[in-house]
Amino acid sequence: MYERPALERPVLIGAFRGWNDGGQAATLATGYLARLWNAQKFADIDPELFVDFQATRPHVSLEDGATRRIDWPENAFFRARIPGANRDAVILIGVEPNYRWRTFTDLVSDVARDLGVELVVTLGALLADVPHSRPSPVTGAATDPHLVDELGLQLSRYEGPTGIVGVLLDACRRSGIPSVSLWAAVPHYVSLAPSPRAARALCDRLAQLLDVPIDTAELAEAEETYAEQVSEAVSTDEETAAYVAELEKRTDELDLEEHEDLPSGDSLAAELTQFLRERDAENGDDTPREQ
């Protein structure tokens, strides 16, 4: 830790490259937030004990065209003031470790507790049967029932293999730190290309969750280019194009069903009137009420 920042009502936002980062959407989103909010690095975790350098190799770069520098895989903490909000952000951007996950997540939760973090939000992205030409769906889950009710999320009922995000949320739970996980769906047929569409969806959902403004105009522009490029690539293969068209049809039908399930204003008013009449009858009050 290079410095101990003084923070106001901090929220920790974290993402990791690897299994939890389909289409690089989660780390793209956190990197975007760090740049948008002019975040400053204040700490990092030494990769020596946690990363297999044969699986995640360090990079060699040249400084001034002469001096060779080794850039090691990094898990770094950044601090930033969230514009338009009376709170700060701690942004953790890194790579899923290969070893000692419990030690690693305990380190992260210790930092969060030491800095007075009020909420941990992890971002993830999964590969799914969704089309690239439609908005990326985002799901939010938490392990604390009270947090689920307060933030309008779902209680996590997932069972199966997990990544570092799941282990970190468990470490936060054991440390008494409220934690939430947001996941965006990324088209599995274009998993290698960075997805600004999913990154934007994560930022938009995060803005709703924290009730803070997040300017995603730059991601929206990149999203249009992304959709055009993927559509062009898909059109070169008839089988893939037909599959994507089927995904689009299925998505549109589901969206239509959700909208059709919403009651109209007239039906809500009629139900309310009926409820009031029945309540008045039960109370022995036959006086008409003005609606």
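## Briefing: helix packing and selected residues

Asn38 sits in the loop that joins H1 to strand E2 (40-45); helices (H or I, at least four residues) and strands (E, at least two) are DSSP runs, numbered from the N terminus. This is a predicted model, in which local features need pLDDT of at least 70 and side-chain atom pairs count only at pLDDT 80 or more, while totals for chains, interfaces and linings use all residues. Residues are numbered from 1 along each chain as its sequence is written, and side-chain values use heavy atoms, with hydrogens and water left out.

**Overall**

- The protein has eight helices and ten strands.
- Of its 291 residues, 42% are buried, where buried means under 20% relative accessible area, exposed over 50%, and partly exposed in between (1.4 Å probe, protein chains only).
- Among contacts (heavy atoms within 4.5 Å) with a separation of 6 or more, 76% join residues 24 or more positions apart.

**Helices H1 and H5**

- H1 and H5 pack with their axes 8 Å apart, at an angle of about 60°; axes are lines fitted to C-alpha atoms, for helices over the stretch in contact, and angles run from 0 to 180 degrees between N-to-C directions.
- H1 is therefore oblique to H5, given that angles under 35 degrees count as roughly parallel, over 145 as roughly antiparallel, 65 to 115 as roughly perpendicular and the rest as oblique.
- The crossing of H1 and H5 is right-handed; a crossing is right-handed if the near helix is turned clockwise from the far one by less than a right angle, and left-handed if anticlockwise.
- On the H1 side the contact is made by Ala25, Ala26, Leu28, Ala29, Tyr32 and Leu33, and on the H5 side by Pro196, Ala198, Ala199, Leu202, Cys203 and Leu206.
- The contact of H1 with H5 has twelve nonpolar, no polar and no charged residues; Ala, Val, Leu, Ile, Met, Phe, Trp, Tyr, Cys and Pro count as nonpolar, Asp, Glu, Lys and Arg as charged, and the others, Gly among them, as polar.

**Helices H5 and H6**

- Helix H5 (residues 196-210) and helix H6 (residues 217-234) cross at roughly 150°, and their axes come within 8 Å.
- H5 is therefore roughly antiparallel to H6.
- The crossing of H5 and H6 is left-handed.
- H5 contributes Pro196, Arg197, Ala199, Arg200 and Cys203 to the contact, and H6 contributes Leu219, Ala220, Ala222, Glu223, Tyr226 and Ala227.
- By class, the contact of H5 with H6 comprises eight nonpolar, no polar and three charged residues.

**Helices H2 and H4**

- The axes of helix H2 (residues 101-114) and helix H4 (residues 164-175) are 9 Å apart, and the two helices pack at an angle of about 50°.
- H2 and H4 are therefore oblique to each other, and their crossing is right-handed.
- The contact involves Trp101, Phe104, Thr105, Asp106, Val108, Ser109 and Arg113 from H2, with Ile164, Val167, Leu168, Ala171, Arg174 and Ser175 from H4.
- The contact of H2 with H4 divides into seven nonpolar, three polar and three charged residues.

**Positive phi values**

- Asn38, a residue other than glycine, has a positive phi near 55°.
- Asn38 counts as exposed because its relative accessible area is 57%.
- Asp211 lies in the loop between H5 and H6 and has a positive phi of about 55°, although it is not a glycine.
- Asp211 counts as exposed because its relative accessibility is 70%.
- Most residues other than glycine have a negative phi.

**Other residues**

- Thr27 is in helix H1 (residues 25-36) and counts as buried at 12% relative accessibility.
- Beyond its neighbours within four places in sequence, Thr27 is in contact with Ala15, Phe16, Arg17, Asp21 and Gly94.
- Glu3 belongs to the segment before strand E1 (11-17) and is partly exposed, at 32% relative accessibility.
- Glu3 and Phe42 are 39 residues apart in sequence, and their C-alpha atoms are 5.6 Å apart in space.
- Not counting residues up to four places away in sequence, Glu3 touches Phe42 and Arg79.
- Arg173 is in helix H4 and is partly exposed, with 47% relative accessibility.
- Arg173 and Asp144 are 29 residues apart in sequence, with a C-alpha to C-alpha distance of 8.0 Å.
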